[in-house]
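Student: Hi! Could you walk me through one part of this structure?
Tutor: Happy to, let's look at it together.
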Amino acid sequence: MKKAILCVILCFSLTASGCAADSRILEDLGMVQTTSYDLLPDGMLSITASIPMADPEASAKREVLTVVAENTKNGRIKMSRETQLILVSGQIRNALYGLSMAKKGIYRYMDTLIRDPSISPELKISIVEGNAGELLRKDYDQHPRTGKYIDHLLEKESSWQTIPRVTILSFLRDLFDDGIDPITPIIKDMGNSIKINGIALFQDDRYVAKIPADDTMIFAFLKGSFKEGEINVDLSENGDKKEYAMLSSLVSGRKLKVSYHNQQIKVRCEIKIMCSILEFLGDLEISNEQDRNKLERRISDKLTRKADSMIALLKQHKVDSLGLGSAVRNKIGYANWKKMNWREEFPHVEVENKIKVVIKDFGEVR
Amino acid sequence: MMGILTSMLRKVLFNPLNETNKDQDHNHNEDKPEQNASADLQHILDQFKRSADLIHHRYPREGLDVIYFSHMINEDKLQRDLLPPLLAAPAADIILNEQSQFQQVQNAKDCVTGILSGNAAIFYNNVAYLADVTLPASRSVEESESESIINGPHEAFNENALTNLSLIRKRVRSSHLKVIHLSVGEISKTDCYVLYMEDIANEDYLSELIRRIKNVEIDAIHDTNMLLQCIDDNPYSMFPQYMTTERPDTIASKLVSGKIVCLVDGSPSLLSAPSSFFEFFASADDYYQRWAIGTATLFLRFMALVITVTFTALYVSITSFHYEMIPENLILTLTTSRSRVPFPPIIEALLMETTIELLREAGARLPTKIGQTIGIVGGIVIGQAAVQAGLTSNVLIISVASSAIASFVIPSYIMSAAFRLFRFGLICLAGLWGNLGLVIGIAYMVIHLSGLTSLGSSYLTPVAPFQPYDWRDVFFRFPFRLLNRRPTQNRAQNKTRQKMKR
């Protein structure tokens, strides 16, 4: 009994002595939803944070703070001088990096996002073409909270495969894995709206090249298997009349076959795409089986050619964003892999793409 | 009619094991009759001095004196059946000694006890005889209010022990059903019956229960729930360690499964022992529904337990410490509703929980008609006005209301009251230390429950000790053909319940 009383006294004295100072009462918090980082010409950081507000008496839907600081946490200290809320980062969903910073390497400035235990590893990372702070500060009339707008845009597009879903976890995993290079989506301010503008390719943590928005589906086919997605294929040849096929309900399966003979690495990428055709502008009668097979062949050829040129782009910039290196490493064994400098070797590896399209369904029209 | 029935029943039910605790009364001054004092008329009349309700009939010519309490006996029977032959006979003592309905009593104490429990005392030549003509006042067998169900029998026990015994005998027609008569309470001398199925119930449990009841030293027992607090293993615990019910069908099933039942005269609830924690979450309804529905209902109840215990505490801990845990879409709603509240979450939550408890307590004490008013006033004032006035957030109202509703899903009122009280502790802990406090509180509860015993058997039985077969009947409600064994906790002499051939 004495022990129990002692226990209670101890508990209360602990509480009284300041444990309660840990409390983070909801309405006193400024929960940063999105932050953006830009590198200024003088090497200082320009940091912007967007904090959704719920005060029914205030007309603004969010609070946006911008500071210039030499490192990120100091930026937060400076920011908190400007607001009555306690700034916390446990609800942060997006980190935006300006192109200026991405070109210099972003890992250095991600440190706080990795180190702070209250920040989720599911935090999404993207690159802004232009100034990230400006994009975040801007209010878009049709979309009340810019931070949330960006978040939902990225979430929705990644579920349709047009961009990969890049979180801080996946970015770091790809960064430290030597068989793959990280990627992020690129967004751009279009005046009245924000647009997904392609995929950024990183060499280590530096931005080196970009895949344009129209080709991102080809990248998705090469990157891995998925279900759900849409693609528009332009079948028109030079001087020919226009032919388009719009494929939907994509189910794509990728198989990588690596062969290793006489120090010679050869990667064969076999992709099978099941789809249904939703729109076709052209001469072929797709309810006819022969015509349909012909169409399938033409689409397959077209996609294969596009894939080839994408591989060429990657080789040109010496970035293995598809993770072919991991497949090669698995095939040739660690000792051989260790001897090889994959970054230098990659452009010389023969990569053969084989895309096969199967149209399962061509709609109600016979 | 009732009097005849009950007197017959009493004769049938009295068992050779009938023991009265003689040695515990000797130091009580209230019982003036000495052990050895002979039961002479004057002495008995002295005992009942200043008892206006005592009836004393004299028949000087026949030499008979009759003493009884008119409100406790069936006077019809006495006047019409018992007295005429005595008055007509040349010598009454021949009949008195011959017929078994008259019992000669040797000492004054037995005589006084007999009169007090509804016998008529007949004196002839200063020799006392008792005639059992009891007709106790009680209400009729009615529907159970506290444990009503939709399907199945609706009758409930009432305050008369003999009626209750007859309800049980009616359901368990077996000569193996044994009834032991005990009496508790130094002054009240309340009748207490211990029932068990011979060859099924465990003898160790039986003798332990009887020993504990005999050792109870208290002036009066008014209800089973009072008795069980005198005989349970951990009197300081918040949780009830014996299951009580006022449903005859439940009691019959407990008996048949090998439990021991204890019945107290004057109480409509019967206790069954040993009990496990999870028994308090079962209802008779589960067995009268199809098995799938019964199982789903059981899941619902355990879910209700989790909701009752944690919901409000979780709200407090999340809004005061763990903003990271809130889903993105909920944040703005939650912040908006919190932003007008002037109190920290813990004060807000305690305020609302107290209000709900006030409402419940007020509703429980008031007649139904006023109770409705309370419901409306409470519902509107608490639900709407408190939010509009900015005293609480509406998310809290939802969590407080749902945990209050969930607490009433637990079939045993005593168990649900225990958890409602425990919840307050949990809310305070959550307000002090957030999720850490919540976990400390729940861990303390689990440790405490694991330490409890019921008649010496583990309180958490099918979980610890782990008895997977019992789970079929505790966490699920398997079809009856798969419920072949009696619960392990009962340590029944015959472990197999049935051998269904199909």
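Tutor: First a term: two strands pair if DSSP finds at least two bridges between them. Strands (E, at least two residues) and helices (H or I, at least four residues) are DSSP runs, numbered from the N terminus. This is a predicted model, where local features need pLDDT of at least 70, side-chain atom pairs count only at pLDDT 80 or more, and totals for chains, interfaces and linings use all residues. Residues are numbered from 1 along each chain as its sequence is written, while chains are lettered from A and ligands numbered from 1 in the order in which they are written.
Student: Thanks! How many bridges join β9(B) to strand β10 of chain B?
Tutor: There are 3, and the two strands, with β10 at residues 270–273, run antiparallel. One pair to look for is Val261(B) with its bridge partner Ser272(B) in β10(B).
Student: And what sits between β9(B) and β10(B)?
Tutor: They form a hairpin with 5 residues between them, and Gly266(B) in the turn has a positive phi of about 95°.
Student: Is β9(B) buried or exposed?
Tutor: Buried: 5 of the 5 residues in 260–264 are, so the strand is largely enclosed by the rest of the structure. Here, buried means 20 or more other C-beta atoms within 10 Å of the residue's own, exposed means 12 or fewer, and partly exposed is in between, with C-beta atoms placed from the backbone. Ile260(B), Cys262(B) and Val264(B) cover one side, with Val261(B) and Leu263(B) on the other.
Student: Zooming out, what is the strand order in the open sheet?
Tutor: It has 5 strands, β6-β7-β9-β10-β8 of chain B, with antiparallel pairing. β6 (177–184) and β8 (243–245) of chain B are at the edges with a single partner strand each, so one side of each has no neighbour in the sheet.
Student: How many bridges join β6(B) to β7(B)?
Tutor: 8, again antiparallel. Within that pair, Leu177(B) stands opposite Met197(B).
Student: New topic: how many helices and strands does chain B have?
Tutor: Chain B comes to 18 helices and 12 strands. Of its 502 residues, 38% count as buried.
Student: And what does its C-alpha trace span?
Tutor: About 100 × 60 × 40 Å along the principal axes of chain B.
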